[in-house]
Amino acid sequence: MKTIAIIATGGTIAGTGQNGKTVGYHAGEISVDDILQSIPGIHEVSRIRTFQLCNLDSNEMNKEIWMQLSNTINSLVLDEDIDGIVVTHGTDLIEETSYYLTLTLNTNKPVVITGAMRPDTATSADGPFNLYQAVNLACSDKARGKGVMVLFSNTIFSGRDVQKVNNFKIDAFGQKASGCLGYMQDEEVYFFSESFKKHTSNSVFAGNYTTLPDVGIAYFYGGVDSSILYHLAEKNEGIVLVGSGSGNYSQAWLNAINDLSEKGIVFVRSSRVSEGIVFSDKVFDPNEYCVASNTLSGQKARILLMLALKKTKNREDIKRIFNEY
Ligand code: SIN
């Protein structure tokens with residue numbers, strides 16, 4: 001029998017509220033051991049070791065907790081008795097945590113993140129089934145070397161590409177044009193595709209961190225002036241622009257981007273459109289100061305830029321990194 005380490009961080013999967021109701025609850029209230037008690041048969045799937053890292057609404061996640069979580073997993077996977085890792089997490093920030101772990105974990109062992117849209121006290125809570133499937137996925141030989149996966153509602157997503165696409169239904173995740181990695185039916189695992197992007201033990205960022213540079217995000221909208229960019233530049237080494245269309249913005253923003261780039265701020269251009277790709281663009285960025293986010297959303301581009309800036313401040317090197325990851 002395999003051994004799986006479950007690292008609990010909180011979220012709705014550990015949430016409680018009024019019996020039966022799906023709203024008006026508090027995330028991060030019960031322990032992972034309490035959740036496991038409501039999953040019949042889980043101890044026949046694998047030996048389980050639980051670690052309660054924190055018990056938070058995932059909106060409280062930050063780079064300190066991401067580093068702590070990743071460093072904890074990097075040391076657990078060195079234990080030959082541990083075959084795979086499951087992380088329980090709030091759904092709101094799963095996409096950021098999953099990308100941070102995708103880039104920093106130094107392992108080929110399966111790492112699966114899951115959560116729930118309904119609290120533990122709701123009628124038909126989805127957490128126990130998601131956790132049951134996540135443990136089965138972490139036990140699967142097919143999942144080795146697949147990088148960090150997010151398991152939600154019978155579907156396996158990649159940690160790089162997963163996005164929360166619905167804030168209401170239990171089928172809350174997707175990865176847009178790239179579909180998903182595969183599906184599960186009860187315990188059975190079916191993979192259909194794989195990411196070409198570097199991850200986990202092939203990632204140049206795999207390892208432990210104790211500090212990360214500050215990177216901010218600026219959202220473009222009609223009529224916004226450039227003061228937000230100057231404000232962010234006071235506290236951040238890099239700024240991710242969430243532009244309109246294919247990563248676009250006004251002349252006022254372009255002037256500020258040129259000015260601040262010359263002063264050493266590194267900009268990444270992403271888009272507020274939920275699907276598509278941002279390439280480098282000589283019209284919106286004539287000096288080619290900005291790094292194109294490709295298919296990464298603003299919040300995922302921020303994770304990569306933090307790690308990239310840890311290695312280099314050279315824009316051309318950062319452009320290469322964004323093409324590889
Ligand atoms: C959270 O992200 O912790 C709250 C929302 C959720 O888990 O669905």
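User: Why is K282 called exposed?

Analyst: K282 has a relative accessibility of 59%, and exposed means over 50% relative accessible area, buried under 20%, and partly exposed in between (1.4 Å probe, protein chains only). So K282 counts as exposed. Keep in mind that this is a predicted model, where local features need pLDDT of at least 70, side-chain atom pairs count only at pLDDT 80 or more, and totals for chains, interfaces and linings use all residues. Residues are numbered from 1 along each chain as its sequence is written, and side-chain values use heavy atoms, with hydrogens and water left out.

User: What makes K282 and E288 a salt bridge?

Analyst: The rule asks for a side-chain nitrogen of Lys or Arg within 4 Å of a carboxyl oxygen of Asp or Glu. For K282 and E288 the N to O distance is 3.8 Å, so the pair passes. As for E288, its relative accessible area is 34%, so it is partly exposed.

User: And how do you know that K319 and E316 meet in a salt bridge?

Analyst: Same rule: their N to O distance is 3.4 Å, so they qualify. Both sit in helix α9 (residues 315-324), 3 residues apart, about one turn of the helix; helices here are DSSP runs of H or I, at least four residues, and strands are runs of E, at least two, numbered from the N terminus.

User: Are K319 and E316 buried, partly exposed or exposed?

Analyst: K319 comes out at 15%, so it counts as buried. E316 has 45%, so that one is partly exposed.

User: What about D259 and K263, and how many salt bridges are there?

Analyst: D259 and K263 meet at 3.1 Å, N to O. D259 is partly exposed at 26%, while K263 is exposed at 60%. By this rule the count comes to 11 salt bridges.

User: What does the side chain of D126 reach at 2.8 Å?

Analyst: The backbone nitrogen of R118. A polar contact is a pair of N or O atoms within 3.5 Å; within protein, one must be able to donate a hydrogen and the other to accept it, and residues adjacent in sequence count only if both atoms are side-chain atoms. At 2.8 Å, the D126 to R118 distance is within that limit.
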